[in-house]
Amino acid sequence: MVEMTERVSALAAIYETGTFGNDVDGGPSVTLHERRPLSIVHIAGNSDDQAFAGGVGKACGCALPIEPGTIATAGELSLIWLAPTRWLAVSPDQGPGILEAALRDACGESGAIIDVSHGRTVIRLSGAHARMVMMKGAPLDFHKSSFTPGRAAQSAISQCGTLITCPAEDTFDVYVFRGFGQHMWEWLTDAAGEFGYKVENPVS
Amino acid sequence: MLIKCPWCGDRALQEFSYQGDATVARPPEPADPADANWDDEWYQFVYLRDDPKGWHDEVWHHIQGCRKHFKARRHTVTHVIADTAPMSEELKGGDK
């Protein structure tokens, strides 16, 4: 058996729980936490190929989302549309390589499946002013009627390529490459400072 | 300024990168590179570009979005973009 080293958060050195920022009436209106540990798998393939689309559907338990900027879910697993022929499967940690192996087994040679769990930092913002924080960051239409639960978009916050998803009302997940994790955390907490924000323990 | 990505829809200019003239055609490659017309055909293809005033077909890259390349018909004076399309499709609109 190969000894697995313990996964360490990219934010480990700066992560601090508590209440920060402006002391506003009614208390902090933004809550942040890192989402970890997660299993994140990058999927590439042709959705017209039944072996691929059917395989991903079988492994994930939900149909491949074809509409740009949408998310399919099955229980706690999300299948996020990134680009034509590209998706991201995200779920609470299933153990090293488990989700990747399940997808590979189901797709065979029809798709390219790569485990990127270690390579992403995911930050969740929620609360009454979470949407305002996102509006300060990315040049997307974050209106309540536009960026609704179940939507996803890739864009840039502070020049970092990000994937932004809206899993629930007034809740946003920001995915960045691990190396940009600390920078994104510092940017988001700085942007949330005016509303007052609370940092909770990491949870998937 | 918003550019309409054929997949993602209207997005901010800062998400895109200009990738060049979409009207230049790559010269045929002869089996032996020595037979290629380096001084004329390939020189033109690699270095020479028109500088049109008016509608221009261009390649753009949604680099900070879905990372797809696509074609855009842009007016070089007004910056109006008449149409965008996947690389495999033809552009419409403008006065072309």
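A polar contact is a pair of N or O atoms within 3.5 Å; within protein, one must be able to donate a hydrogen and the other to accept it, and residues adjacent in sequence count only if both atoms are side-chain atoms. By that rule, chain A and chain B share four residue pairs in polar contact, both residues at pLDDT 80 or more. The model is predicted. Chain A has two domains: domain 1 (18–36 + 119–199) and domain 2 (38–118).

**Chain A against chain B**

- On the chain A side, 14 residues are in contact with ten residues of chain B.
- The two chains bury about 880 Å² between them, and carbon and sulfur atoms give 56% of that area.
- A:Pro84, A:Pro139 and A:Gln154 supply 47% of the area that chain A buries against chain B, more than any other three residues.
- Strands β5 (77–83), β9 and β10 of chain A each supply at least two residues of the side that touches chain B.
- The largest share of that side, four residues, comes from β9(A).
- By class, the side of chain A that touches chain B has ten nonpolar, four polar and no charged residues.

**Domain 1 against domain 2 in chain A**

- The domain centres, taken over C-alpha atoms, are 24 Å apart.
- Contact involves 13 residues of domain 1 and 13 residues of domain 2.
- About 1200 Å² is buried between the two domains, with 57% given by carbon and sulfur atoms.
- In domain 1, A:Arg35, A:Gly119 and A:Arg120 lose the most area to domain 2, together 36% of what that side buries.
- Zero salt bridges are found across this domain interface.
- Six residue pairs are in polar contact between the domains, both residues at pLDDT 80 or more.
- Strands β8 (120–126), β9 (151–157) and β10 (160–168) each supply at least two residues of the domain 1 side that touches domain 2.
- β9(A) gives the largest share of that side, three residues.
- The domain 1 side divides into four nonpolar, four polar and five charged residues.

**A:Ser39**

- A:Ser39 is found in strand β3 (residues 38–45) of chain A.
- A:Ser39 has a relative accessible area of 3%, so it counts as buried, the cut-off being under 20%.
- A polar atom of the A:Ser39 side chain lies 2.9 Å from the backbone nitrogen of A:Gln94.
- Leaving out residues up to four places away in sequence, A:Ser39 touches A:Ala89, A:Val90, A:Ser91, A:Pro92, A:Asp93, A:Gln94, A:Gly95, A:Leu99 and A:Ser117.

Technical notes:
Residues numbered from 1 in each chain as written. Chains lettered and ligands numbered in written order. Predicted model: local features only at pLDDT ≥ 70, side-chain atom pairs only at ≥ 80, totals over all residues. Heavy atoms only, no water. Domains from an automatic or database assignment. Contact = heavy atoms within 4.5 Å. Buried area = accessible area lost by both parts, 1.4 Å probe. Salt bridge = Lys/Arg side-chain N within 4 Å of Asp/Glu carboxyl O. Nonpolar A, V, L, I, M, F, W, Y, C, P; charged D, E, K, R; others polar. Buried < 20%, exposed > 50% of the residue type's maximum accessible area, 1.4 Å probe, protein only.
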